Amino acid sequence: MVEPVPDSPSSRLLALFAGQRLTPTQRRIAQSLVEHAPRAGYLSASEVAELAGVSQPSVTRFATALGHDGYPALRQRIRELIGLDTGAAAETTDEARRNEWQRAVAAERDNLASLSDFLADPKPVLAAAAALAASRPLPVLGLRAARPIAEYFGYFAAKVQPDVRVLGAGGTELVDQIEQARDAGAEALLTFVLPRYPAEALAAIRAARSAGLTVVTVTDSPMSPAAAESDLVLPAPVGSQLVFDVHGAPMILAMVLLQAICDAQPARTQGRLEQFEASAARRGLFVP
């Protein structure tokens, strides 16, 4: 395996940006600075904007988001980190890019380790699974970035639950769908709410609780704005090293939760899976 260049300009910049909650545009700026780390401390705001393909005001807002008065202050900080007198190892642009990719993978490893630590205590997942297994129908909410995870969960959950309803679109009909699920007998709502936390998702959670549903939420942190609105919270960290978030941990937690739902109703799970396999074989759904 190729190892990152130790104590290199890109490594120092990655450390500077690590843990910051940035918008995709701001992450693109950070990525461009990392890729051009050897000369990042000498780039003007307009040059950074051109490299990142963003506007110059976006570069200024990026600097402010990192706690600096403006881009000149950020550039001075970068110079302090990667100046020629720091003894930082020389590296090429390709090495800087490789460092960034490797750091993103390493961060996701850490996220999965954090999720594993959370799962050491099974009680939160078991409580969530019990509430969701008893809900017929089972509405599953995921808007914007969280929609693919909700749909993935819903696809497999439908194999073992008789009526799974994935709510993946916002708008005025969203609360209608939640109330319709309640009227049909739903007792709980599973939500996936991930950064950048859609306002509609939080409003939907409030509407669901007002309708008497127990809300189970998978989100990135116990400090998420969705956590305070929910009855049961299952945290799974989100990777933020790349331009767009990495959702490996929330996806795995979704499947762990579904496993717990299956375990909560083994007879029904087995029966429905056997029915599906018989139907799939009869219709020739899959290649032998």
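Visitor: Where is Thr191 placed?
Guide: Thr191 sits in strand 3, residues 188-193 (strands are DSSP runs of E, at least two residues, and helices are runs of H or I, at least four, numbered from the N terminus). By the way, this is a predicted model, where local features need pLDDT of at least 70 and side-chain atom pairs pLDDT 80 or more, while totals for chains, interfaces and linings use all residues. Residues are numbered from 1 along each chain, and side-chain values use heavy atoms, without hydrogens or water.

Visitor: Why is Thr191 called buried?
Guide: Its relative accessible area is 0%. Buried means under 20%, exposed over 50% and partly exposed in between, with a 1.4 Å probe and protein chains only, so Thr191 counts as buried.

Visitor: Which residues does Thr191 touch?
Guide: Skipping neighbours within four places in sequence, Thr191 is in contact with Leu141, Ile205, Val215, Val216, Thr217 and Val218 (contact means heavy atoms within 4.5 Å).

Visitor: What makes the link from Thr191 to Thr217 a polar contact?
Guide: The two side chains come to 2.6 Å. The cut-off is a pair of N or O atoms within 3.5 Å, one able to donate a hydrogen and the other to accept it; residues adjacent in sequence count only if both atoms are side-chain atoms.

Visitor: How do you know that the buried residues of helix 9 line one face?
Guide: In helix 9 (residues 173-183), the buried ones are Leu174, Ile178 and Ala181. Down the axis they fall within an arc of 60°, so they share one face (the arc is that of the directions from the axis to the C-beta atoms). Their packing partners are strand 1 (138-142), strand 2 (164-167) and helix 10 (199-210). Glu173 and Asp183, on the other side of helix 9, are exposed.

Visitor: What about helix 2 and helix 4: what angle do they pack at?
Guide: About 90°, with the axes of helix 2 and helix 4 (residues 56-65) 10 Å apart. That makes helix 2 roughly perpendicular to helix 4 too.

Methods:
Axes fitted to C-alpha atoms, helices over the stretch in contact; angles between N-to-C directions. Parallel < 35°, antiparallel > 145°, perpendicular 65-115°, else oblique.
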